[in-house]
Amino acid sequence: MHLHAITLLLSFWLTPSFALHESDAGVVDWHKRLVGVPNTETIHTSPTFHSVSTRKRNSNIVLTATKSNVLAALNPLNGSVEWRYVYEPRDNIVTFQKQDSVVASLSGPGGATLRSFNVFNGDMLLERRLHEPETGLLVQPNNLGTFIAFGKQSNEIYTLTNGATVNSINGGTISWSWTSGDQGQATVLSQILYSTISASDDALYVVGLESSFASYVLHVTALSPITGQLISSSTIPSHISNGLDDFLVLSRTIVWIENGKIKCFVLSPLLKGKTTVLQDASYKKLLDIGLSSHGLFIALKDGSSHIVSCDDGDLVPVRNFEGPASEVSYAGGLSKDGYPFVSSLHWSPNSEVVTVEIYSPKLASLVVEYSLPFDAKTHGSISHVAIESATDVIGRLFLTTTTGAIQVWEQDKHIWTREEGLSELKAAKFVELPERLSVLGGEGRSEEGFVGRLIRQAKDVKDLPNYIIRFSKRFATGSYESATSSATFSAPSSSALQLPYRDAFGFRQVLVVSTSYGKAYGIDTSNGDILWNRFLGIGQDPVVNAVPFGDKLFIVKTVGDADINSEAGPEVVILAKSRVEENVLLFHLDALTGQDILQPSTFVELLHGSIHDTYMLQLSGKKVIVLLDSELKVHLYPDNAESRELFSNATALSVPLRITSSQGHRRLVGHQFITKPNDNGRSEYFAFPTWTLSLTEGHDVQAIINPIRDPVASIGKVLGNRTTLYKYLNPHVVLVLTTPHSSTALTSNAHCGLYLVDSVKGSVVYEATLPTEGNVCNVKATFTENWLIYHYYDNEYEDIGHTKGYKVVTVELYEGKQIDDKTRSSELSSYSDKMMEYTTYEQSFVYPHAISAITLTSTKFGISSKDVIVANANGKIQSFSRRLLNPRRPIGRKPSSEEQEEYLVQYDPLLPDDSRKVISHNYDVAHIRSITTSPALLESTSLVFAYGLDLFLTRVAPSNTFDVLNESFNKVQLVVTVIGLAVAILVTRPIVMRKKLREKWYS
């Protein structure tokens, strides 16, 4: 009994804890809190400045809803996030409005949920479900039929939902509700779809479109703002062709385009206002610039535009702007005195200058005109602009670009930039940095001869005394780098030290990432700073403006691959597709600087059309990118004789591909390669099918996950009785996830599938049938060596004692049918009979949270234990020791003495939700989609990078830092002890020698 208790405590004591000391936070890790790229599809979600003055404080912020489904407030002075609210993925923000110290939003289908927040700190003031999401109106755009308006007080909120229902909410309570009689169920086929509400003291106006045979007609309903009773309802004589794009609702009027003319109708409770017409018949579109309360908007023509005022029904063109609408952005704002002004930004993709004009309707003159530098080759084009008054009229500009960057300018002075495109990463790779050769005089060594080397070394001798002094001081004081030391370096003072270099333990690396906005970045892992960024294209040229593929980022040269006599650094290749044409482009970049390796061209156009899959083939120290097009033809990069010879030597190469059948099902089909001569007599390679995985009827392949390939330090596990379990190390195994086809997803027997498949022969090594979660397959899995671990939601009752909830299953595969049975699986052919001789150990655990990503730690030689890293639904990154997930833990009994030698503990079905294992400690890391790991130079340490909405990086030591002295180690005492021993030896040595001499005389 006592022995078991001691062993249990010892096993958990030996299991390392990832809890960080408070002093380590921000030193061994960093967290980038992002909000996402602003959603500029509609003015009701676009960035807008908001100023609030109260007795206690003044606040000046930028409010925006983003494509990452976040409502955020940014500080315009420094770009910091004042607060943010992250919505659930199925609860999309459709609109928001602000007034005084309150900002309110509608989210979900048809505006199902209303929330309001304090603009100062983001505290939620109100959350109210207005209708069930299942009954929401599903239309495009998703903000159609939703709107928010405020009453006299900020707690008086009017909402339009489902294009038919108006609610009055006061202090969180619905005062009254009104639903259009034509739309009791709010279907798309209804005749009237309301889109906007406008509040006044006399009435609440609900404006929408009524469908007719040839076009749309405006329909307005006036309600009592106090009781919600119907005052009047009328169809406005109108002829609207393009729906929402052809009309606007201002403070007291409605304006629309009809046959190129602008018309205006004055709103009154009885809806008997007059209609006025601006006779110019060449207008194409109306733009809302946020000045509807002042009766101002922009009317577009071909090649020009007008500021138009509609005050009490009088349509007056106020100002004319020249220039194509595609190259001009407009914004409206208010001066500190409350007077409106309008800005226009003129820019061109080929120009590096943006011209800004600010016009004041009150002064009826152009107040200011200036230019600011804008690099379209770095940031793409300007997609949206917002303006704020910092002085009387002249103010700040808030720019949103097509690459996901947001910027603030004060006239021609750049204030800050946030790269919010990082919230949409497509791929991420760690790249090891070279050593710091420059401090040793290593520049230009590739051209240095023998004599030059002697001269350089002779010059370096002068630094030897200083080096000895520094070493002695460092040794005496113990000021060495430790596993928790910061890897950050100060900025170099000379141009010779511009390139990044690694630290002593390899914690500092470069993260090369690509985004869905057509941009690549190099991020310093020591502090999260952006070392370089590269726009994958030039301006607005559709041929080269490209979007990276999901995971097609390859490291084609590492520090270890580079020639020691060459100054070339690590290199990466990014595959992308053009935005317009179906072309596959390849960008070859220097991983340290982002510069193009390909000169003078910046990219290679590999093929016209789509690609089926891409691999990196590595043989004999060489690396070749292999692409398969839609016709399964092979394309190589670099396309030269050496690459073709390398590929031809890979005769046994076999790849699994997702092939869409004639019925629309996605199947897993194995392929090998054959050679065919083309018309020019040159050999071309094509893939041909060799096997097909048999799936459950009605199932599709959801994902193919390649195993994590790290060095294998041990091929077996020695048990307590001195026998051995040999790992099943089949190098051809891939992990396959399947999901029900769309036609069978809603049936009662729908389920998910998980397979381990030999990619050469198509044999199934392991399979599991898993339940769906809300008719969706959301299985997260990872595989390395002989260890498979996956997470899913179990909604089925199988037996007494079972319950619904999230489960983690751990599976280990060992060679042979019994212990000590060795088949050498890593060396066998896939067609050998012994390849299918293995033993499976499997166990499941209950985990209390959903997870969005899972991976395993990686170390340099694979000696350290591997831990599981997961991102859970609570915004935390958590780790689990492999010892805790051992499937051989004894069930229902205490461990035997032999099992205790393996540190096995009794099986407990519940995985502990231990806060000490949360490696993200107090950070809220939102909406993580993927986690990747990389080894450091220390075998004990692994770098962990999690990305989604936020970016988070830390380092962990699954087996503790056994290869580095602990920071608490008393180095001074060691030095004193060594010196003391040396002195004692020097003192006692003559005494001992004299004693031995005397003994010889008297013997």
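**Close-up 1. Ser858 and its polar partners.** The side chain of Ser858 reaches the side chain of Asp710 in a polar contact at 3.0 Å, and it makes another with the side chain of Thr933 at 3.1 Å. A polar contact here is a pair of N or O atoms within 3.5 Å; within protein, one must be able to donate a hydrogen and the other to accept it, and residues adjacent in sequence count only if both atoms are side-chain atoms. This is a predicted model, where local features need pLDDT of at least 70 and side-chain atom pairs count only at pLDDT 80 or more, while totals for chains, interfaces and linings use all residues. Residues are numbered from 1 along each chain as its sequence is written, and side-chain values use heavy atoms, with hydrogens and water left out.

Close-up 2. Look for Ser858 in the loop between β58 (851-856) and β59 (868-872). Helices (H or I, at least four residues) and strands (E, at least two) are DSSP runs, numbered from the N terminus. Ser858 counts as buried because its relative accessibility is 4%; buried means under 20% relative accessible area, exposed over 50%, and partly exposed in between (1.4 Å probe, protein chains only). Leaving aside residues up to four places away in sequence, Ser858 touches Ile708, Asp710, Lys866, Thr933, Ser934, Pro935, Thr941 and Ser942. Contact means heavy atoms within 4.5 Å.

**Close-up 3. The disulfide of Cys264 and Cys310.** Here the two sulfur atoms sit 2.1 Å apart in a disulfide, a term used for a pair of cysteine sulfur atoms within 2.5 Å. The link of Cys264 and Cys310 is left-handed, with -60 degrees about the S-S bond. It connects distant parts of the chain: Cys264 belongs to strand β20 (residues 261-266) and Cys310 to strand β24 (residues 304-311), 46 residues apart. Both ends are tucked away: Cys264 is buried at a relative accessible area of 0%, and Cys310 is buried at 4%.

**Close-up 4. The disulfide of Cys752 and Cys777.** Cys752 is joined to Cys777 by a disulfide, S to S 2.1 Å. The link of Cys752 and Cys777 is left-handed, with -105 degrees about the S-S bond. This pair also links distant parts of the chain, with Cys752 in strand β52 (residues 751-758) and Cys777 in the loop between β53 (764-771) and β54 (780-784), 25 residues apart. Cys752 counts as buried at 1% relative accessibility, and Cys777 counts as buried at 7%. The count comes to 2 disulfides, and numbering the bonded cysteines in sequence order gives the pairing 1-2, 3-4.

Close-up 5. Glu127 and Arg115 form a salt bridge, their closest N and O atoms 3.1 Å apart. The pair links distant parts of the chain, Glu127 in strand β9 (residues 124-129) and Arg115 in strand β8 (residues 113-118), 12 residues apart. A salt bridge is a side-chain nitrogen of Lys or Arg within 4 Å of a carboxyl oxygen of Asp or Glu. Glu127 is partly exposed at 46% relative accessibility, whereas Arg115 is buried at 8%.

**Close-up 6. A salt bridge between Glu432 and Arg502.** The side chains of Glu432 and Arg502 meet in a salt bridge at 3.1 Å, N to O. Glu432 lies in strand β34 (residues 425-432) and Arg502 in the loop between α4 and β35 (509-515), so the pair ties together parts that are 70 residues apart in sequence. Glu432 counts as partly exposed, with 33% relative accessibility. In total, the structure holds 30 salt bridges.

**Close-up 7. A nonpolar patch around Phe471.** Val461, Leu464, Tyr467, Ile468 and Phe471 form a nonpolar patch on the surface, with about 480 Å² of accessible area together. Patches are made of residues with over 30% relative accessible area and no salt bridge: like charges are joined within 9 Å, nonpolar side chains (Val, Leu, Ile, Met, Phe, Trp, Tyr) within 5 Å. Accessible areas come from the Shrake-Rupley method with a 1.4 Å probe; for residues, only the protein chains shown count as cover. Phe471 lies in helix α4 (residues 464-477) and is partly exposed, with a relative accessible area of 37%.
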